[in-house]
Amino acid sequence: MKKTFEHGQRVLFAVSFILVLLISGCGSGPQNSGEVTSPDGRMFLVFNLKNDSACYAVFRDGNPVINNSQLGISLDEMVDFAGNFTIDGFETSSFSETWEQPWGEKREILNEYNELVVHLSVKESGPEKLDIVFRVFDDGVAFRYVFPEQEGLKEFKIMDELTEFNFTANHDVWWQPAYRPDRYEYLYNKSRLQEVADTMHTPLTIEAGDDLYISVHEAALTDYASMTLFHKGSNKLECDLVPWSDGVKVYAEAPFSTPWRTIQIGETSGDLIESYMILNLNEPNCLEDVSWIKPAKYVGIWWEMHINKSTWGQGPNHGATTANVKKYIDFAAENNFGGVLVEGWNLGWDTDWWNDGNGFNFTTPYPDFDIKEITDYAACRGVELVGHHETGCAVENYEAQMEDAYAFYEKYGVNYIKSGYVNPRGMNSKEWHHSQFGVRHYRKALETAAKHQIMLDVHEPIKATGIRRTYPNMMTREGSRGMEFNAWGPDGGNPPEHETILPFTRLLGGPMDFTPGIFNIALPENPNNQVNTTLAKQLALYVVIYSPLQMAADLPANYEEQPAFQFIRDVPVDWEDTRGLNGEIGEYVTIVRQDRNSEDWFLGSITNEQERSLTVSLDFLDPDTKYKAVTYKDGAEAHYKDNPLDIRIEEKEVAAGMSITLHLAAGGGQAVHFSKLK
Ligand code: NOJ
Ligand code: CA
């Protein structure tokens, strides 16, 4: 049961905090600070000037979550916005609305917050105005810098952002390294804050005790550099903006707003999963017609290349042949899948493309890929081709062809495109994927796609920051280690704990195209690798890892005569509601979701390499009916290493008010489909 932090306590608390500021010489009076609380009164944020620097602190139920932390931005001009501030005034307001996601993990989203705008001036001549906008929600706090229109500040360069996150103790932090050739495709590390000697990507998640989970990220990254974080001594993290190759962090023009810096705060790890603060901080949908935007399950000519059965380039084993694509189309049609992805269909794959993508041509299919015949055949069978643009990060080459490339697919009725940006040296072999250069490119592709009524699934993407609210054709993206690492990862693939970390880290940004569903787990084609899960866990991933485009990644032949495949046929990709039932980061997690197009519920539960039993209450079910539960669970002898295929499928009657115990094998999982009994 959540406690409400009473107004009286809050005021008392605010007064004592301001007193502390006065005694410590941090401010010169109450006019130097402003406060704002969450709608439920539990979350509390104080803005204050400390030695003329802008600072903020965050509390929950009166306890500090973030100690006083500096804010500010340095420009290359004579005057910057790093200190020397005076407060010109405060404005406060409240907002509450419920909006509907066209697709998503939950249909109706409550967006409710209190806002504090701080108008600041720098005590020097020249450009001087800066606003900081704070929003305090029940599930966290966010703030952004706004440069108002003003004399002397037109085009400007941001050289540094001084935003700090000053934690209250040496907490455990789950993080991924930034500035690496493989972008976000690294395993997560768990360390103590003070041990981190690296720059880290966000979402970065902090376990601050049994009842305090914090995730630091950003929302609405639209024309700015990504925020990465580094340890700045004590328990402090500071923002490090990813630079352009010339060293500038951000090119801007006033009026200008930065992305939101977000701190999601939960009492349980499941609270983080059920937080929609990142989406709420993005602009509403800007597309008038969204009738063409549809979540879907897909199969594709993909895994066969990753396990070396066929090739992207031409030759005797070329994967993307008309005949092969038709086989996948038949399989998709027979099993009610919406799409067939085809990679390796166009000119450019016979080069050293991952180092130089300039050979890619996006309107010239290989001779054995007849796009007209394929798309006609697919249309007859009620299936769509999922197009593919691997750019090899030759952004200049891609942008020069972008308009034609999207128009080409549109002409053939293709309205899903998976794109890719492989190149260890970055965009145009010199810019970071996560720089403002990269952010601008991904946005351009998204806008062009929308113009041609095309939905995107971006691999090697910019991180997800909720842009899908504004552009609902931004369906899903990779941006972490997906299934492909199990096929060829030199380290043996993703360890069993990997997928138990993702829901509390990467997935807090947004959907991921992880591509689950490998049934031939031993990978006979690649003797040094295997998928490090049981078969039941592969099924559970369809619920645990949210994506509106969800692949059944294995070869169609591997699904033949597999009763477990029924779960993949049944599982939806669009949800009415989502709940995080339990979870310990890196250990286990159980998520339930209700289908948006029926009253069915689906449960996914997964564990790391530890075998365990979890008891969950079925109180999420409608109390007025009984349900049939079809359970796909690890068999008694199942183990991810040497007995991954041991699976039991059982049917039983259940109802709200009951609890069920989930037995998960080492590296295992369980998937359950609940449907109402008439
Ligand atoms: C990396 C992507 O993650 C993968 O899905 C794709 O098959 C290859 N690049 C080739 O584009
Ligand atoms: Ca990848």
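Me: A polar contact is a pair of N or O atoms within 3.5 Å; within protein, one atom must be able to donate a hydrogen and the other to accept it, and residues adjacent in sequence count only if both atoms are side-chain atoms. How many residues surround ligand 1, and which are the closest?

Reply: This is a predicted model, in which local features need pLDDT of at least 70 and side-chain atom pairs count only at pLDDT 80 or more, while totals for chains, interfaces and linings use all residues. Residues are numbered from 1 along each chain as its sequence is written, chains are lettered from A and ligands numbered from 1 in the order in which they are written, and side-chain values use heavy atoms, with hydrogens and water left out. A residue is near a molecule or strand if one of its heavy atoms lies within 4 Å of it. Around ligand 1 there are 14 residues, with Glu 343, Glu 390, Lys 418, His 459 and Glu 484 the closest. Glu 343 places a polar side-chain atom 2.6 Å from an oxygen atom of ligand 1. For Glu 390, a side-chain N or O atom is 2.7 Å from an oxygen atom of the ligand, and a polar side-chain atom of Lys 418 is 2.7 Å from a ligand oxygen atom.

Me: What are the protein donors of the calcium ion (ligand 2)?

Reply: Donors are N, O and S atoms within 2.8 Å of the metal (3.2 Å for Na, K and Ca), and since water is not among the atoms, sites may look incomplete. Here they are Glu 185 (OE), Glu 185 (OE), Glu 460 (OE), Glu 478 (OE), Glu 478 (OE) and Glu 484 (OE), at 2.3 to 3.0 Å from the ion. Along the chain, their spacing reads E-x274-E-x17-E-x5-E.

Me: Which is Glu 478, buried or exposed?

Reply: Relative accessible area under 20% is buried, over 50% exposed, and in between partly exposed (1.4 Å probe, protein chains only). Glu 478 is buried because its relative accessibility is 1%. Glu 484 is buried at 8%, and Glu 460 at 5%.

Me: Where is Glu 460 found, and what is its phi?

Reply: Most residues other than glycine have a negative phi, and most peptide bonds are trans. Glu 460 has a positive phi near 50 degrees and sits in the loop between strand S26 (455–458) and strand S27 (474–477). Helices (H or I, at least four residues) and strands (E, at least two) are DSSP runs, numbered from the N terminus. Asp 52 likewise has a positive phi, about 70 degrees, without being a glycine; its loop runs between strand S2 (43–50) and strand S3 (53–60). Asp 52 is partly exposed, as its relative accessible area is 29%.

Me: Which peptide bond is cis, with omega near -5 degrees?

Reply: One of these is the bond from Thr 202 to Pro 203, where Pro 203 lies in the loop between strand S14 (199–200) and strand S15 (204–207). Ala 254 and Pro 255 are also joined by a cis bond, with omega about -5 degrees; Pro 255 is in the loop between strand S19 (250–253) and strand S20 (256–257).

Me: Which residues of H5 are buried?

Reply: An α-helix has 3.6 residues a turn, so residues three or four places apart point the same way. In H5 the buried residues are Thr 322, Asn 324, Val 325, Tyr 328, Ile 329, Phe 331 and Ala 332. Their cover includes strand S22 (296–301), helix H4 (303–306), strand S23 (339–342), helix H6 (371–380) and helix H12 (565–570). H5 (residues 322–334) has 13 residues and spans 18 Å from first C-alpha to last, close to the expected 18 Å, a figure defined as 1.5 Å times one less than the number of residues. After H5 comes Asn 336, with a positive phi near 65 degrees.

Me: Which residues does Glu 91 touch?

Reply: Contact means heavy atoms within 4.5 Å. Leaving aside residues up to four places away in sequence, Glu 91 touches Glu 115, Leu 116, Val 117 and His 119. The side chains of Glu 91 and His 119 form a polar contact of 2.5 Å. Glu 91 belongs to strand S6 (residues 85–100) and is partly exposed at 44%.

Me: What pLDDT does the chain average?

Reply: pLDDT is the predictor's confidence in each residue, from 0 to 100. The chain averages 94, and 95% of the residues score at least 70. Residues 1–12 fall below 50, and this stretch has 17 contacts in the model beyond near neighbours in sequence. Residues 18–30 are also below 50, with 15 such contacts.
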